[in-house]
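Me: Could you take me through this one, starting with the ligand?

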Amino acid sequence: MSNQQDLLDIAAKAEQDLNSDRLKAGRQEGTGFGGKDTKGGSTSTDESGIDQSVESKFSQHGATADYGSHVSGAGNNRDIPPSEGGDIQKGTGRMTKAGDFDQGAPGEGPEDVSKRQAEAYGGDDSVRDNIRNQAAGEGTGGFATEYLHNHFPDLTPSQLEIRTAISKVCAQFGDEYWLRADKEHRFPVEFHRAVADAGFLGICMPEAYGGSDMGIAEASIMLQTIAESGAAYAGASAVHMNIFGLEPVRKFGTDEQKERMLTPLIAGRERACFGVTEPNTGLDTLKLQSRAVRCEDGSGDYELSGRKIWISTAQVAEKILILVRTTPLEEVKKASHGLSLFYTDLKRDVVEVREIEKMGRAAVDSNMLFFDGWRVPKEDLIGEEGNGFKMIMHGMNAERVLIAAEALGIGYAALRRAAMYAGERTVFGRKIGQNQAIQHPLADSWMQLESARLVVYLAAKLYDDGHESGEYANAAKYLAAEAAFRACERAVMVHGGMGYAKEYHVERYLRESMIPRIAPVSREMICNYIGEKVLGLPRSY
Ligand SMILES: Cc1cc2nc3c(=O)[nH]c(=O)nc-3n(C[C@H](O)[C@H](O)[C@H](O)COP(=O)(O)OP(=O)(O)OC[C@H]3O[C@@H](n4cnc5c(N)ncnc54)[C@H](O)[C@@H]3O)c2cc1C
């Protein structure tokens with residue numbers, strides 16, 4: 001994808017494909033969209049668990065017998081992504097910035113807006129509902145990729161287009177794919193490839209290097225949708241660094257560096273990791289101890305030595321964006337000076353990459369890095385020597401918003417599964433979802449997620465509009481992470497014993513929902529920031 005028009009083309013193609021999928025499904029079932037007596041298509045899944053047939057979206061649960069086998073019945077009407085609901089806004093050609101809440105066109109009243117938005121999901125409710133029913137028909141029960149029934153009525157046409165196009169990519173990677181990736185600790189290379197091939201890796205990167213030059217709001221929709229598809233953090237983290245990690249290069253790199261560094265990353269030919277955190281200093285980034293010193297041979301190159309911890313994707317990444325100290329702390333006026341940023345080859349002959357066994361997101365590795373005498377060419381220094389912290393800070397707010405959007409996705413995914421299960425599981429002669437003790441916490445979680453969502457997309461919009469301070473980005477990350485964690489925990493509890501079983505996926509979501517509470521900045525540090533910057537209280541750390 002080289003520009004916004006290309007993304008629109010992808011969305012249009014996705015829409016066409018979806019229409020053709022619906023037709024195929026209708027034909028296959030012999031009942032058209034209204035058919036209730038669906039038999040379910042065949043799911044053809046390759047060794048890695050990728051769905052090979054489009055029809056499999058309509059038959060995933062039915063065809064994989066052990067999925068959902070614990071409950072009787074076959075799903076409900078919650079199995080349809082917005083993209084399946086009908087025609088996405090045609091011919092608008094307008095890439096409204098996501099996050100611009102749809103206030104309507106001039107002369108359009110609230111009813112017109114609502115009608116237009118309904119049309120974006122299919123217009124004809126009966127068609128939409130029939131497709132849903134078909135998906136939920138006997139022996140079927142849903143798509144490989146699933147979304148909550150609620151369709152975010154405030155989304156703008158451009159947001160819907162992005163959501164449609166990326167859900168189409170995600171639909172090839174069903175729950176089984178992610179379950180297996182987690183079990184086998186296997187990086188989702190096929191997913192990364194598919195996202196790159198669809199042109200999404202450069203969503204926020206300049207068109208000149210193969211990107212689409214969109215904003216954080218659009219990237220947020222994309223990452224939320226990926227997580228929400230059931231890919232959760234495994235899917236989002238597999239592409240997260242590509243989406244925004246190289247913002248310092250975009251902003252401060254030379255033209256030669258941008259061409260050399262951004263182009264292969266956007267095309268998906270290279271993967272990058274991000275090395276900031278250190279074992280001895282943690283959140284106190286300014287005290288980090290890894291060093292870079294100039295080589296003595298007069299070349300101007302550097303030699304790096306030190307340690308990093310928690311570096312995600314370092315097992316598979318060819319490149320690293322790394323922050324190290326070039327001037328000792330004792331010799332700088334301010335602690336934020338004297339740190340430098342390099343984007344360079346992750347040379348495995350001099351860098352020992354040791355994986356950390358961890359609680360969740362097993363498909364995407366996190367590692368300790370040990371290095372000494374690691375020669376890095378001077379051409380790989382980004383911006384001015386000693387100015388690295390400022391450059392890293394530049395992207396921090398955006399990263400928080402993106403992590404928050406991913407958290408929302410996982411929260412909605414968990415809520416969807418919980419609601420589906422609660423609507424199906426019968427105990428004491430009635431559906432467990434009929435009990436308010438089950439129903440109310442889920443309703444509460446939906447409201448918490450929706451409240452967080454408003455702040456996430458407000459923060460995204462503010463960032464894209466040039467707002468520089470971090471109160472909304474931090475608040476968004478905090479609120480979304482907490483809401484997502486709560487939704488995941490409740491989803492496990494609603495499933496009872498089966499919540500603890502891997503085949504129901506919610507335990508995986510719960511494990512992964514811990515990540516945004518901890519990284520890239522903890523809840524406590526966010527409260528420290530709000531206390532100081534918003535409430536005007538004395539700095540507490
Ligand atoms: C799955 C995962 C992936 C990650 N990926 C990356 C990556 O790719 N690259 C990277 O550089 N890092 C990565 N991280 C690291 C992450 O950003 C850090 O773990 C996080 O910033 C917290 O730092 P720490 O673990 O050193 O905690 P510490 O700094 O040791 O803090 C421990 C606890 O003490 C609290 N605390 C510390 N000081 C204060 C204070 N003054 N007031 C109140 N509370 C305080 C913290 O909030 C926290 O709860 C990842 C972490 C995880 C878990």
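Me: Which helices and strands each supply at least two residues of the shell around the ligand?
Reply: They are β1 (272–275), β3 (302–312), α15 (515–518) and α16 (523–534), where helices (H or I, at least four residues) and strands (E, at least two) are DSSP runs numbered from the N terminus. This is a predicted model, in which local features need pLDDT of at least 70 and side-chain atom pairs count only at pLDDT 80 or more, while totals for chains, interfaces and linings use all residues. Residues are numbered from 1 along each chain as its sequence is written.

Me: And how many residues surround the ligand?
Reply: There are 22, the closest being Gly282, Trp310, Ser522, Glu524 and Tyr541; a residue is near a molecule if its C-beta atom, placed from the backbone, lies within 6 Å of it.

Me: Why does the shell lie between two domains?
Reply: Domain 2 (272–389) and domain 3 (396–534) both give residues to the shell, so it lies between them, with the bounds coming from an automatic or database domain assignment.

Me: Switching topic, is Arg361 buried or exposed?
Reply: Arg361 counts as buried because it has 24 C-beta neighbours inside 10 Å, the cut-offs being 20 or more other C-beta atoms within 10 Å for buried, 12 or fewer for exposed and partly exposed in between, with C-beta atoms placed from the backbone. Arg361 is in the loop between β6 (351–355) and β7 (366–376), and its phi is positive, near 50 degrees.
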